[in-house]
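Hi,

Here's the structure I said I'd pass on. Have a look at it first, and my notes follow below.

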Amino acid sequence: MKVTYNWLKDFVEIRIPPFVLARKLTLAGLEVISLEERDGDFVFELEITANRSDCLSVVGIAREVAAITKAKFRAPSMIANRKKVSTECCLGETKKLPLIIQDKKDCPYYSAKIIRGVKVAPSPPWLKERLELVGCRSINNIVDITNYILLTWGEPLHAFDLDKLSSEMIVVRRAKPKEKIMTIDGKEKLLDDEILVIADKERPIALAGIMGGLNTEVTSHTQNILLEAAIF
């Protein structure tokens, strides 16, 4: 898990140097295996043990830093400032998207929001820099914000190009034997019923919680997206 000093400072008042903080984290059980100064910031790489999944996010590590250093934790606001966003574009629409979950044991929770009229463009410099410091390549503003939320909160998101779905329907199911999907890395995967997929009415469009499909990838031509958040 990589996190930067300045990113942590968004959520906790840190008054000690990065090298001192690295030592304190290691002594507390979150081993810092490397600390590198880059572009005016410091990048921590931590070894997170299996019993500390709460620390697989910037916010999780920031809570730990606050506890270790007795500093104040600044809980981020979860309330959007709706005065500054377009209701049509950013808050989605009221109609419901048909959703079928074939087995709740595979997927106890699935949510999605349709967002229309998006403009796909390069991310602002601060977002590019923050992602790239922790080893995440900047793609575009839509993909980058999903990665930013993943790293900040530990919640995976995925954006589909809504207009590339064969129908405005989502099915969470096991893959059919010998079913195939071309993933966003350009590789064709042969599937079986051990693999959980997200599908539209006709075909798989993502490997659940792993990777999206190339056929519904967000590109510079994307205008409408389906934003997914789920527990698999």
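**What I found**

Start with Ile 115, whose bridge partner in β13 is Ile 225. Before going further: this is a predicted model, where local features need pLDDT of at least 70, side-chain atom pairs count only at pLDDT 80 or more, and totals for chains, interfaces and linings use all residues. Residues are numbered from 1 along each chain as its sequence is written, and side-chain values use heavy atoms, with hydrogens and water left out.

Back to the pair of strands. β5 and β13 (residues 224-231) run antiparallel and are joined by 8 bridges. Two strands count as paired if DSSP finds at least two bridges between them; helices (H or I, at least four residues) and strands (E, at least two) are DSSP runs, numbered from the N terminus. The open sheet here has 3 strands in the order β5-β13-β6, with antiparallel pairing. β5 (109-116) and β6 (157-161) are the edge strands, each pairing on one side only. From one strand to the next, the twist averages 25 degrees. Helix α6 (residues 141-153) packs on this sheet and touches β6 and β13, with its direction at about 160 degrees to that of β6. For the angles, axes are lines fitted to C-alpha atoms, for helices over the stretch in contact, and values run from 0 to 180 degrees between N-to-C directions.

Asp 161 sits in β6 and is buried, at 3% relative accessible area (buried is under 20%, exposed over 50%, partly exposed in between, with a 1.4 Å probe and protein chains only). Leaving out residues up to four places away in sequence, Asp 161 touches Thr 216, Glu 217, Val 218, Thr 222 and Asn 224; contact means heavy atoms within 4.5 Å.

The other thing to look at is a helix pair. α2 (residues 18-27) and α3 (residues 58-69) pack at about 90 degrees, with axes 10 Å apart. They are therefore roughly perpendicular to each other; angles under 35 degrees count as roughly parallel, over 145 as roughly antiparallel, 65 to 115 as roughly perpendicular and the rest as oblique. Leu 21, Lys 24 and Leu 25 of α2 meet Val 65, Ile 68 and Thr 69 of α3.

As for the whole chain, there are 6 helices and 13 strands, and 41% of the 232 residues are buried. The C-alpha atoms fill a box of roughly 55 × 45 × 30 Å along the principal axes.

Cheers
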